[in-house]
Amino acid sequence: MSEKKQLVPQEATPEFNRRAFFAKLGLGSLSIAAAGTAAFAYQFLSPNVLFEPSPIVNAGKPESYPVDSVTLDMNSGIYLIHAKEGFFALSAVCTHLGCLTAWKPELGIIACPCHGSKFKREGQKIEGPAPKPLPWLQTWVSDEGDLMVDRSINIRPMQFVRT
Amino acid sequence: MAKTIANYFEDLRGTRVWRSVFRSGTGSSTLHRALAVQQNVFLHLFSTKVRTRMLGFSVTWYLGTLTFGTFLILVSTGIPLMFYYHPSVPQAYADTKDLQFVVSSGLFLRNLHRWSAHAMVFLVFAHMFKVFYRGAYRPPREFNWVIGVILLLITLLLSYTGYLLPWDQLAFWAITVGSNIASAVPVVGNKVHFLMLGGNVVNANALLRFYVLHCMVLPLVAMLFVAVHFWRIRKDGGLYAHKSEPKTLVAESVPAAAERTK
């Protein structure tokens with residue numbers, strides 16, 4: 001009995017006794033719960049299904065675009081351009097902050113109304129704050145003979161589509 | 001002798017109902033007045049005693065109070081506007097037009113909301129300039145300056161989220177540009193952009209998110225920080241008196257500062 005009594009104070013060291021253990025356990029559980037809540041909130045706030053327009057656009061028959069024409073489709077935010085070398089599609093969304101650019105036929109350039117970026121017809125930047133040229137978009141002719149554009153796929157410039 | 005209005009008010013203060021609501025009791029002694037402030041849930045944030053000099057216009061130009069005033073106008077005009085506004089793509093713009101041309105006093109409420117919003121942003125900046133150039137941000141008030149910066153950010157976010165709600169071209173492109181600025185944040189920029197809009201483009205999800213933030217989340221957070229901001233004025237020893245101001249003021253402010261450190 002006397003030996004046991006002597007052991008008790010040695011077990012309850014101030015560094016790590018039962019109270020400290022439960023405090024650590026409690027704090028640890030709370031930290032895990034907090035991390036779980038953060039992950040839960042992030043997943044909840046990220047929509048799994050989006051009701052956004054398809055990135056693939058049907059631009060219609062190639063014959064409707066005369067040679068040397070630049071046609072802006074405002075709804076899909078693309079230029080369909082019929083150059084002498086063939087067709088190509090260019091994103092009309094400014095690479096600076098996402099405004100819709102406009103084709104200026106009298107100057108032969110593409111200009112952004114928001115912060116003054118200017119681009120050539122092939123997308124290269126002339127001036128302004130835009131960090132990148134306007135990207136060329138994946139373009140092909142469907143089995144029905146329609147021009148198709150995939151806005152989610154950028155391609156290297158100067159890849160014209162012949163019909 | 002005929003009773004004056006003040007006498008009637010004294011009688012009212014003596015009634016059982018009044019006494020059950022306000023515990024400080026009748027009388028106008030310094031103690032009673034102090035208790036009236038200290039025992040009121042809203043007023044207890046403030047000091048029970050303020051030097052008359054500090055209530056003068058030149059000390060603060062009342063900029064903080066005016067900012068709070070515009071906030072109250074924004075809450076009281078914003079809630080009626082919510083009764084006629086649906087945060088959905090087909091209806092938001094039409095509802096905004098209805099508020100202007102169909103709803104009785106809708107134009108007045110909407111314009112009051114809009115002008116007060118502009119005034120609040122202006123007053124927040126003016127308040128901060130006044131505090132800065134007066135030197136009132138210095139210790140022991142440095143933490144209240146930090147809370148003020150948080151309130152500035154909340155004000156700007158309220159302004160930004162409210163800008164989308166009319167759902168016109170100006171709103172759409174402003175939020176497109178603003179949310180693309182968020183994309184520029186390194187590493188997490190695109191995630192922030194996606195979470196903020198609830199999608200990749202400004203659409204129905206973005207409108208609803210901005211509506212909830214504008215009408216619910218941000219005003220509640222603002223109220224919380226405003227309460228702390230007011231309370232800290234008392235805790236930091238009251239409004240700031242500059243050293244160059246009459247000695248009596250600086251001397252009087254010492255006990256308040258001493259009380260704080262207890």
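Analyst: Happy to. Let us begin with pairing: two strands count as paired if DSSP finds at least two bridges between them. Please keep in mind that this is a predicted model.

User: What makes S3(A) and S4(A) a pair?

Analyst: The pairing rule asks for at least two bridges, and six bridges join S3(A) to S4(A). The two strands therefore pair, and they run antiparallel. They also form a hairpin, with two residues between them.

User: How do you know that S2(A) and S3(A) pair, and in which sense?

Analyst: The same rule applies. S2(A) and S3(A) share five bridges, and at least two are needed, so they pair, in the antiparallel sense. One of the bridges sets A:Ser69 against A:His82 in S3(A). This hairpin has four residues between its strands, and A:Gly77 takes a positive phi near 70° there.

User: How many bridges hold S4(A) and S9(A) together?

Analyst: S4(A) and S9(A) pair over two bridges. The cut-off is at least two, so this still counts as a pair, again antiparallel. Across these strands, A:Leu90 stands opposite A:Trp136 in S9(A).

User: Which strands make up the whole sheet, and in what order?

Analyst: It is an open sheet of six strands from chain A, in the order S1-S10-S9-S4-S3-S2, with antiparallel pairing. From one strand to the next the twist averages 30°.

User: Why are S1 and S2 of chain A called edge strands?

Analyst: S1 and strand S2 (69-73) each pair on one side only. They are the two ends of the strand order.

User: What makes S3(A) "mostly covered"?

Analyst: Burial is a neighbour count: a residue is buried if 20 or more other C-beta atoms lie within 10 Å of its own. Five of the six residues of S3(A) are buried.

User: Which residues touch the most other members of the largest nonpolar core?

Analyst: That core has 23 residues, and A:Ile78, A:Tyr79, A:Leu80, A:Ala89, A:Leu90 and A:Val149 touch the most other members. Strands S1 (56-60), S3 (78-83), S4 (86-91), S9 (136-141) and S10 (147-155) of chain A each supply at least two residues of the core. Leaving aside neighbours within four places in sequence, A:Ala89 is in contact with A:Ile78, A:Tyr79, A:Leu80, A:Leu137, A:Thr139 and A:Val149. A second, separate core has 14 residues, including B:Ala92, B:Ala171, B:Ile175 and B:Phe210.

User: Is B:Ser105 buried or exposed, and how do you know?

Analyst: B:Ser105 has 10, so it is exposed. B:Ser105 lies in the loop between helix H6 (89-101) and H7 of chain B. Its phi is near 60°, a positive value in a residue other than glycine.

User: And what makes B:Val187 exposed?

Analyst: B:Val187 has 7 other C-beta atoms within 10 Å, so B:Val187 is exposed too. B:Val187 sits in the loop between helix H9 (169-183) and helix H10 (189-197) of chain B, and its phi is also positive, near 65°. Most residues other than glycine have a negative phi.

User: What about B:Tyr163?

Analyst: B:Tyr163 has 16 C-beta neighbours inside 10 Å, so B:Tyr163 is partly exposed as well. B:Tyr163 is in helix H8 of chain B. Leaving aside neighbours within four places in sequence, B:Tyr163 is in contact with B:Ala171, B:Ala174 and B:Ile175.

User: Which peptide bond is cis?

Analyst: The bond from B:Pro139 to B:Pro140 is cis, with omega near 10°. B:Pro140 lies in the loop between helix H7 (106-134) and helix H8 (142-164) of chain B.

Terms used: Residues numbered from 1 in each chain as written. Chains lettered and ligands numbered in written order. Predicted model: local features only at pLDDT ≥ 70, side-chain atom pairs only at ≥ 80, totals over all residues. Core = buried A, V, L, I, M, F, W, Y, C linked by C-beta atoms within 7 Å. Buried ≥ 20, exposed ≤ 12 C-beta atoms within 10 Å, placed from the backbone. Contact = placed C-beta atoms within 7 Å. Axes fitted to C-alpha atoms, helices over the stretch in contact; angles between N-to-C directions.
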